[in-house]
Amino acid sequence: MNLEKVFFAFFIVLALTLNFGFFIGELDEPNHHNVYELFAALVVSLIATIMKFGDRAHIGAVLLATSLVADLQLIAAVVIWTITAHATDAGMTPMVLASIVSLSGGALLANITSVIILVTETVMFRR
Amino acid sequence: MHNIIYLLLRRMRVPLIVIILAYATSILGLVLIPGMDDQGNPWQMSFFHAFYFVSFMGSTIGFGEIPYPFTDPQRIWTTVAMYMTVIAWLYAIGSLFSLLQDQAFRRVVAYTNFAYAVRRIREPFYLVCGLGGAGKLVIRELAEHGIRSVIVDRNETRIQSLLLEELPLRIPGLTADVTDSSALVAAGLYNRHCAGVIALTGDDQVNLTIALTSKLLAPGLPVICRAESHDAQANMASFGTETIINPFDTFAERFAMMFQSPSMYLVYEWMTSLHETPLTEFAAPPRGTWILCGYGRFGKALQKSLSFKGIQTTIIEADVVRTNAPESTIEGRGTEAITLHEAGIEQADGLIAGTDDDANNLSIIMTALHLNKDLFTVSRQNISSNDAIFAAAGIDITMHPGRLIGKRVVDILTTPLLTDFLRMANLQNEEWANVLVSRVVGVLTDQPPESWALTISTKQTPAVTQLLKRGGTVTVQDLLMDPRDTATPLPCVALYLKHSDHQELLLPADDTPLQVGDQLLICGHASAETHMRWTARNNHALRHICSGYDRPSGSLWRWLSARRSDRTET
């Protein structure tokens with residue numbers, strides 16, 4: 001068992017599960033989308049990205065790309081949340097929340113791609 | 001470039017994760033711990049405020065407790081967070097700096113910069129391997145001729161010293177094992193601008209490997225190789241190495257020529273200037289008996305050439321068995337008077353100190369001159385930095401293998417015409433050489449002549465080609481005249497003319513007409529080259545020389561003079 005591989009897979013899957021937890025629920029229902037969950041999803045996604053740094057294999061490069069996509073989507077969601085909550089008079093409206101959740105949905109797709117690649121690589125790996 | 005980024009990212013993985021974790025825990029703690037607003041109501045920090053606070057706290061900017069003064073639980077957590085984030089930053093910055101200082105990383109950076117610099121070269125360049133005495137001379141001379149080169153050497157300090165040299169061109173240098181083909185490829189072996197490979201390391205085996213590698217990977221490229229043994233020479237020639245230079249054989253042949261035909265030797269010497277001797281100081285070596293100290297590769301080559309010319313040599317050698325010296329050899333180093341006495345120093349006319357140790361060579365010369373001050377002395381110099389002491393020792397001829405090879409390579413690369421000229425000159429007799437020498441001495445006072453080549457082309461001689469295209473004639477003599485005073489010839493002699501149809505003329509007559517594509521080899525005073533190139537470029541100067549009449553160059557004066565000549569004709 002390779003400890004590095006364990007950490008690697010752990011963070012990739014955790015990024016997916018946390019993101020899924022935030023995404024699931026009514027699109028514009030504030031009670032279904034917890035801000036702590038978005039924060040955790042972003043932090044784990046960033047860590048997962050950094051863990052892929054410097055991998056020169058082709059699979060590693062594709063994983064880095066999908067991970068960067070997820071980061072970008074989540075950062076966009078967080079920025080929108082911050083601006084609406086702190087810099088607008090209207091505050092959080094169902095419409096803004098819906099766009100935040102759909103952005104995280106995009107990140108979820110990228111996370112799923114990452115996991116599929118990871119699983120494929122694991123299946124193809126024969127000792 | 002990619003290598004550097006990958007290495008940087010991989011090494012920064014852990015520090016970056018540490019920073020993210022430190023920030024995430026600090027932010028999360030601040031969001032969870034209850035606070036109080038300015039009216040005393042319970043207040044919870046949002047993620048945005050927490051991120052803002054941690055950002056300025058972690059970078060030690062410290063704007064204070066924003067937006068409301070903190071409660072004690074918040075302050076406890078902030079204390080923890082402060083240390084956490086600052087240590088995380090220090091760790092990350094420290095790792096970054098240690099990575100930048102890392103030997104392996106710096107090597108990768110140097111390699112990448114080198115490969116980039118080579119890729120960016122957009123003109124022909126030479127790949128030089130080995131930065132010893134010869135390599136240094138070659139790159140400096142090539143740079144002064146405006147020819148680019150790239151250097152690879154095993155020794156880091158030699159490559160570093162390249163940066164300190166004031167060269168007119170930037171020469172990319174790489175510290176690498178030259179026998180490693182990937183180093184040669186990085187140095188531009190596959191580059192379409194690479195004009196040739198020059199192997200100048202001090203090791204025959206290494207030079208052989210370089211020649212072999214470049215012949216296999218880039219068969220079209222010409223290779224110039226240094227070889228000190230006949231074995232290696234034959235081996236290199238077997239797979240088609242274009243030019244192989246053996247410093248000992250080259251010197252021995254030239255040395256033997258001094259005895260047979262001093263004038264021919266002078267012609268060679270001027271053209272290839274293996275060592276600078278002023279014209280007046282040239283003295284042919286005496287034909288009597290010679291003592292040869294050191295029977296290595298240098299000694300063997302000299303002994304062979306001397307005996308070929310019928311000159312007696314007495315050999316002194318310390319290791320008779322290993323060098324396979326003839327039976328009459330006197331055993332000893334030659335540095336002590338007793339050995340020299342035994343070899344008959346008092347009756348000898350010349351002495352050659354040819355060991356591979358500079359101190360021994362100098363000691364031999366000093367001791368011998370003490371015993372017989374009329375000796376003609378020849379010494380081998382192995383290390384360039386000993387120039388000053390060799391000059392002070394009053395030696396008649398000093399032979400420095402590195403310098404000899406370097407100058408030979410530069411001549412081959414910069415004036416290929418010279419090789420053609422010398423090949424033709426070699427077929428002439430001593431009288432011919434005498435005439436040439438007296439002609440050259442006639443135009444020069446006492447400095448050795450410079451030689452240069454001129455190609456009749458739009459690039460080098462625009463004025464000449466323009467005149468030829470208009471149907472005019474330009475002769476060799478026209479170029480040899482002083483543009484400032486058309487009655488005086490420049491202090492130079494036309495040596496060799498190669499027509500565009502490969503017809504060759506040795507010492508072309510003054511009235512030989514020139515054609516486009518002709519190549520002319522000239523020797524003479526350095527100032528003559530400047531004036532000649534000026535004539536060849538400047539329409540006005542050339543017309544002045546050809547017609548002997550200073551024509552007006554401005555359009556108004558040209559019109560006026562045309563009118564005047566019309567009037568005189570009618």
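In what order do the strands of the 6-stranded open sheet of chain B stand, and is the pairing parallel or antiparallel?

1. The model is predicted, so local features need pLDDT of at least 70 and side-chain atom pairs count only at pLDDT 80 or more, while totals for chains, interfaces and linings use all residues. Residues are numbered from 1 along each chain as its sequence is written, and chains are lettered from A and ligands numbered from 1 in the order in which they are written.

2. The order in the sheet is β5-β4-β3-β6-β7-β8 of chain B, and the pairing is parallel. Strands here are DSSP runs of E with at least two residues, and helices are runs of H or I with at least four, both numbered from the N terminus; two strands pair if DSSP finds at least two bridges between them. The edges are held by β5 (173-175) and β8 (243-245) of chain B; each has a single partner strand, so one side of each is left without a neighbour in the sheet. From one strand to the next the twist averages 15°.

3. Strand β7 (residues 223-226) of chain B pairs with β8(B) in the parallel sense over 3 bridges. B:C225 has B:I244 of β8(B) as its bridge partner.

4. Helices α9 (residues 204-217) and α10 (residues 230-238) of chain B have axes that come within 10 Å and cross at roughly 0°. That makes α9(B) roughly parallel to α10(B), a label given to angles under 35 degrees, with over 145 counted as roughly antiparallel, 65 to 115 as roughly perpendicular and the rest as oblique. Axes are lines fitted to C-alpha atoms, for helices over the stretch in contact, and angles run from 0 to 180 degrees between N-to-C directions. B:D204, B:L208 and B:A211 of α9(B) meet B:A232, B:N235 and B:M236 of α10(B).

5. A second open sheet of chain B has 4 strands in the order β15-β18-β16-β17, with antiparallel pairing. β15 (450-455) and β17 (504-506) of chain B are its edge strands, each with a single partner, so one side of each is left without a neighbour in the sheet. The twist averages 25° from one strand to the next. β15(B) and strand β18 (residues 519-524) of chain B run antiparallel and are joined by 6 bridges; B:S451 has B:C523 of β18(B) as its bridge partner.

6. Two helices lie across strands of this sheet. Helix α19 (residues 416-425) of chain B lies across β15, β16 (492-498), β17 and β18 of chain B, at about 90° to β16(B). Helix α23 (residues 526-537) of chain B lies across β15, β16 and β18 of chain B and runs at about 15° to β15(B).

7. Between the chains, 11 residues of chain B are in contact with 13 residues of chain A, where contact requires C-beta atoms, placed from the backbone, to lie within 7 Å. On chain B, α1 (2-11), α2 (13-32) and α3 (47-58) each supply at least two residues of the side that touches chain A. The largest share of that side, 5 residues, comes from α2(B).

8. Chain B is divided into domain 1 (2-101), domain 2 (120-245), domain 3 (248-414) and domain 4 (439-555), with bounds that come from an automatic or database domain assignment. The C-alpha centres of domain 1 and domain 2 of chain B lie 54 Å apart.
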